[in-house]
Amino acid sequence: MTSPLAEPASADPYTPRAMPQLNLSVIGTGYVGLTAAAALAHLGHQVTGVDIDEDRIAALGNGVVPIYEPGLAELIEQGTAAGRLRFTTDHAAAVAEADVVFVTVGSPTTASGRADLSYVDAAIRQIAPVLRPGMAVVVKSTVPVGTSALLRSLLDDLRPGLDVDMVANPEFLRQGSAVRDFLHPDRLVVGADTERALATMRQVYEPILTAETAVDAVFTDTTTAELIKYGSNAFLAIKLSFINEMADLSEETGANIEDVARGIGLDPRIGPAFLQAGPGFGGSCLPKDTEALLYTGRAHGVSSRLVAAAIDVNEARKRQMINRIAAAVDGELDDATIAVLGITFKAGTDDLRQSPAVDIVRRLIGHGATVKVTDPEGIDNARSTLPAAEYFEDPYDAIADADVVVIATEWPEFAKLDLARIAEVAAKPVLVDLRNLLEPAAATAAGLTYSSIGRPGRSGSDAR
Ligand code: NAD
């Protein structure tokens, strides 16, 4: 079987490895937990994935992978076939034999912006009775600064005198390339307050730490590790809001944001990543983690004005996108049929959490528009999230009779659509490209009235 790992292209440096082999359990089998479980089994460990969602565990038991993530199904199949990976709903059974327990449950935001640690708390309470002295409890969920210390006291209350280590090991994988990111990370961050725990974590990641393409690792204390994760996501959010403001300025001055971003990103002190102008940041991490960082700042009397501004810019951005689409239908949204290409928060995933496309569709429907959605992986999830939209597997069926076509997610599939056919089947040949996926000249040559983000030739005004 071909390796699901894209790099290094020649050979997967990690398979098969007899040693080191630890017994690990992973609590929570979502995007992070399932990827971590499969990848850790791939590194040679014995791994049990645990979830409270019985349907999810039943599906995994039947070889069905409940989320879309490139390469993940193959890795799970390999791990289970090799007898190194299994799944259960029984926390006690999974943890009883483990050397290390990873906690990978969700940490959403409450209405006040505070991180909701109820899932983490519940997971700790579930595993506490079966923890043994010397084990490491590793929090991979993104949690506010100080959470490891809080969980330490919770464990002290639940199991007085129990000698286990708390570890903060934030995850930096990106959905859409989660398997590759986990196995070939650009860095490992491990926070622990004892040498024993740091040594255990070195053993967990030994194949990655000693590979030819060895990663940089930060071994530090738990508080620092927690802040590294929030700081990273806040910085990325700031970058995105910054480039979106630059896109607005490009539009008003006649500059081209693509070249502006490239020119800025070529500076190695800045780098090209997260400089793509678009409809605003979304997903399961940046919106909630920036809010949680603001909350932490407030709790400690430290202002986080840059992060607050990044959030404000992003909120305004969502409204701007609607104004842009409205301009393309002469302000008549209530009477318009709108084809939306892409509903996931980015390409390569089936995840809709905080997707800018979902926000756009919801607002368009709120304005009375008829919205026809297509997406390569997101339709099943979208049906329940946005039942008022219409869904089409075939993009041309979504586009048929539309007054305007909106590219909302940067799926490469949409870049390959036949532009002349779009112009032909749509009611009006108008395309608003919120991801700068198409070449303006090609779209115009195909007969489309084309507008995009921060590039010359945009029509309509945003009325910011
Ligand atoms: P998710 O919602 O996809 O998965 C969470 C899983 O945990 C669900 O399957 C849920 O049923 C399960 N769960 C909840 N309580 C449980 C319990 N007590 N015992 C067992 N299972 C339980 O979430 P995710 O996207 O995988 O994110 C998990 C954490 O990782 C979050 O803190 C997130 O911020 C962080 N993170 C996510 C990403 C990402 O790209 N998704 C990247 C880095 C970090």
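Biologist: Which are the buried residues of α12?

Modeller: In this model, which is a predicted one, the buried residues of α12 are Leu286, Pro287, Lys288, Asp289, Thr290, Ala292, Leu293, Leu294, Thr296 and Gly297. That makes 10 of the 14 residues of α12, so the helix is largely enclosed by the rest of the structure.

Biologist: OK, and what covers the buried residues of α12?

Modeller: The cover includes two other helices, α10 (222–253) and α13 (305–328).

Biologist: What span should helix α12 have at 1.5 Å a residue, and how far apart are its end C-alpha atoms?

Modeller: Helix α12 runs over residues 286–299, and at 1.5 Å a residue its 14 residues should span 20 Å; the C-alpha atoms at its ends are 20 Å apart, so the model agrees with the expectation.

Biologist: Which residue with a positive phi follows α12?

Modeller: That is Gly301, whose phi is positive and near 70°.

Biologist: Switching to the ligand: which residues around it come nearest?

Modeller: There are 28 residues around the ligand, and those that come nearest are Asp51, Ser107, Gln126, Gln175 and Lys288.

Biologist: How far is a nitrogen atom of the ligand from the side chain of Gln126?

Modeller: The distance from a nitrogen atom of the ligand to an N or O atom in the side chain of Gln126 is 2.7 Å. On the oxygen side, one oxygen atom of the ligand is 2.9 Å from a polar backbone atom of Thr142, and a polar side-chain atom of Arg353 lies 2.8 Å from an oxygen atom of the ligand.

Biologist: So what percentage of the ligand's accessible area does the protein cover?

Modeller: On its own the ligand has 830 Å² of accessible area, and the protein covers 90% of that.

Biologist: New topic, the loops. Where is Phe274, and what is its phi?

Modeller: Phe274 is found in the loop between α11 (257–265) and α12, and its phi is near 60°, a positive value in a residue other than glycine. For context, most residues other than glycine have a negative phi. At 28% relative accessibility, Phe274 counts as partly exposed.

Biologist: What about Asn436: where does it sit, and is it buried or exposed?

Modeller: Asn436 has its place in the loop between β13 (430–433) and α19 (440–445), and at 10% relative accessibility it counts as buried. The phi of Asn436 is also positive, near 50°, in a residue other than glycine.

Biologist: And Glu410, which residues is it in contact with, leaving aside its neighbours within four places in sequence?

Modeller: Those contacts of Glu410 are Lys346, Ala347, Arg435 and Leu437. Glu410 is found in the loop between β12 (404–407) and α17 (412–415), and it is partly exposed, with a relative accessible area of 26%. The C-alpha atoms of Glu410 and Leu341 are separated by 8.8 Å, although the two residues are 69 residues apart along the chain.

Biologist: Last one: is Asp186 buried or exposed?

Modeller: Asp186 has 58% relative accessibility and counts as exposed; its place is in the loop between α7 (178–183) and β7 (187–192). The side chain of Asp186 makes a polar contact of 3.4 Å with the side chain of Arg187, and, leaving aside neighbours within four places in sequence, Asp186 is in contact with Val215 and Asp216. Its C-alpha atom is separated by 23 Å from that of Asp351, which is 165 residues away along the chain.

How values were computed
Residues are numbered from 1 along each chain as its sequence is written. This is a predicted model: local features need pLDDT of at least 70, side-chain atom pairs count only at pLDDT 80 or more; totals for chains, interfaces and linings use all residues. Side-chain values use heavy atoms; hydrogens and water are left out. Helices (H or I, at least four residues) and strands (E, at least two) are DSSP runs, numbered from the N terminus. The expected span of a helix is 1.5 Å times one less than its number of residues. Buried means under 20% relative accessible area, exposed over 50%, partly exposed in between (1.4 Å probe, protein chains only). Contact means heavy atoms within 4.5 Å. A residue is near a molecule or strand if one of its heavy atoms lies within 4 Å of it. A polar contact is a pair of N or O atoms within 3.5 Å; within protein, one must be able to donate a hydrogen and the other to accept it, and residues adjacent in sequence count only if both atoms are side-chain atoms. Accessible areas come from the Shrake-Rupley method with a 1.4 Å probe; for residues, only the protein chains shown count as cover.
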